[in-house]
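Please keep the sequence and the coordinates at hand while reading.

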Amino acid sequence: MKLLISVLFALLCNVAVAGQADTEISNCLKAEGPLLQVLGSGGPIADDGRASSGYLVWVDGRSRFLVDAGGGIFLRFGEAGARFEDLEHISISHFHTDHSTDLVALLKSGYFSNRSSALPISGPMAGGDYPGTGDFLKRLLDQDNGAYAYLEGYLDGSDGLVELIPTEVDPGLTKATRVYTDPGTNIEILALGVPHGPVPALAYRIRIGQQSIVFSGDQNGNSDAFIDFARGTDVLVMHMPVPENTGEVARKLHAPPSVIGKIAAETGTGSLVLSHFMSRSLANMEENLDQIRSRYDGPLINAYDLDCVGF
Ligand SMILES: [Zn+2]
């Protein structure tokens, strides 16, 4: 009961469960070491008072890695004090709107930055109704057919814009793909396909020296390969848009809380950050947390936009 009260207190007050991982509602600008900043903790419906999915990983006061760019993260990016010129890699988990629509807004913002170096961006290969990452950018930016052809310089580095360098990952691979590496600072980003219904989707693991953070992306949790991929991470960010009593269709797309708890326990993560909430999961938080807590007893944080989490 005491634990449940502390979890609910954390939920209400938007802070970490007492004595566990550090989080504060502030920007991560002044801190040293790697930090997670939640840009968007909400879902695809504009009724939860949150931006859609998006995260920054700060390293020594620089906003170096962006994971997802859902609606609303454009605003949060600025509020966080992040700088486009400090981004070293953008990782897109999949091309649902709530993970990708603010990318082009951020690119336009970047036009006004001092950035001069190319910007690598990774995402899934094409599948079903969804374009691959390179095609996604072309459909936005291509001079002939792009909706935002006026930004087409991002495709080849012309017009004073920096070139976007896309890397597409096959979500059908059971082995992780390295999409970024910086031997100088001992940082790498790995991607792995995760099951999200018919949608090509990726999880990401960012390793910074001896520390790492894993972003589950949207997934139903039925992947043994993901458990191996996330094993031993310091922080595991899992998406919880649906409650336990959700229907069969939603379970093909998203992991219910019991599965999230099982995954957190099996990976042995240092802490679990719950995010990508929807009103339907927020309405059942007490029961959701019970489901997780009966399987996982480590540090747990309920994310809110602009939370800054150390690891
Ligand atoms: Zn999705």
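What volume does the largest cavity have? The model is a predicted one, and in it the largest cavity has a volume of about 40 Å³.

The structure holds one cavity of 30 Å³ or more. The largest cavity is lined by Tyr 55, Val 67, Asp 68 and Ser 93, together with Leu 202, Ala 203, Tyr 204, Phe 215, Gly 217 and His 239. Sorted by class, this lining of the largest cavity comprises six nonpolar residues, three polar residues and one charged residue.

Among the elements that contribute to the lining of the largest cavity, strand 10, which spans residues 202–208, gives the most, with three residues.

## The largest pocket

The largest pocket, for its part, has a volume of about 150 Å³. There are 14 residues lining the largest pocket, and those closest to its centre are Pro 44, His 196, Leu 253, His 254 and Met 278.

Helix 8, made up of residues 248–253, supplies the largest share of the lining of the largest pocket, namely three residues. The class composition of the lining of the largest pocket is seven nonpolar, four polar and three charged residues.

An open sheet is formed by seven strands, which follow one another in the order 8-9-10-11-12-13-14 with mixed pairing. Its edge strands are strand 8 (177–182) and strand 14 (300–302), each of which pairs on one side only. From one strand to the next, the twist averages 15°.

Strands of a sheet pair through backbone hydrogen bonds, in either a parallel or an antiparallel sense. Here the parallel sense applies to strand 12 (residues 235–239) and strand 13 (residues 271–275), whose pairing extends over five bridges. Within this pair of strands, Val 237 stands opposite Val 273 in strand 13.

## Helices on the sheet

Helix 9, formed by residues 257–267, lies across strand 12 and strand 13, and its direction runs at about 165° to strand 12. Helix 11 (residues 285–293) also packs on the sheet, where it touches strand 13 and strand 14, and the direction of helix 11 makes about 160° with that of strand 14.

The axes of helix 9 and helix 11 come within 7 Å and cross at roughly 35°, and the crossing in which helix 9 passes helix 11 is right-handed. In this contact, Pro 257, Ser 258, Ile 260 and Gly 261 of helix 9 meet Asn 288, Gln 291 and Ile 292 of helix 11. By class, the contact of helix 9 with helix 11 has three nonpolar and four polar residues, with no charged residues.

## The contact of helix 4 and helix 5

Which residues bring helix 4 and helix 5 into contact? Helix 4 (residues 103–111) packs against helix 5 (residues 133–141) at an angle of about 65°, with their axes 11 Å apart, and the crossing of helix 4 and helix 5 is right-handed. The contact is made by Leu 103, Val 104 and Leu 107 on the side of helix 4, and by Phe 136, Leu 137, Leu 140 and Leu 141 on the side of helix 5.

Divided by class, the residues of the contact of helix 4 with helix 5 are seven nonpolar, no polar and no charged.

Terms used: Residues numbered from 1 in each chain as written. Predicted model: local features only at pLDDT ≥ 70, side-chain atom pairs only at ≥ 80, totals over all residues. Heavy atoms only, no water. Pairing = 2+ DSSP bridges. Helix = DSSP H or I, 4+ residues; strand = E, 2+ residues; numbered from the N terminus. Axes fitted to C-alpha atoms, helices over the stretch in contact; angles between N-to-C directions. Contact = heavy atoms within 4.5 Å. 1 Å grid on protein atoms, 1.4 Å probe; cavity = no way out; pocket = protein on both sides within 12 Å on 5 of 7 lines; lining within 4 Å. Points joined across faces, edges and corners; volume = space filled by probe spheres on them. Nonpolar A, V, L, I, M, F, W, Y, C, P; charged D, E, K, R; others polar. Left-handed = near helix turned anticlockwise from the far one by under 90°.
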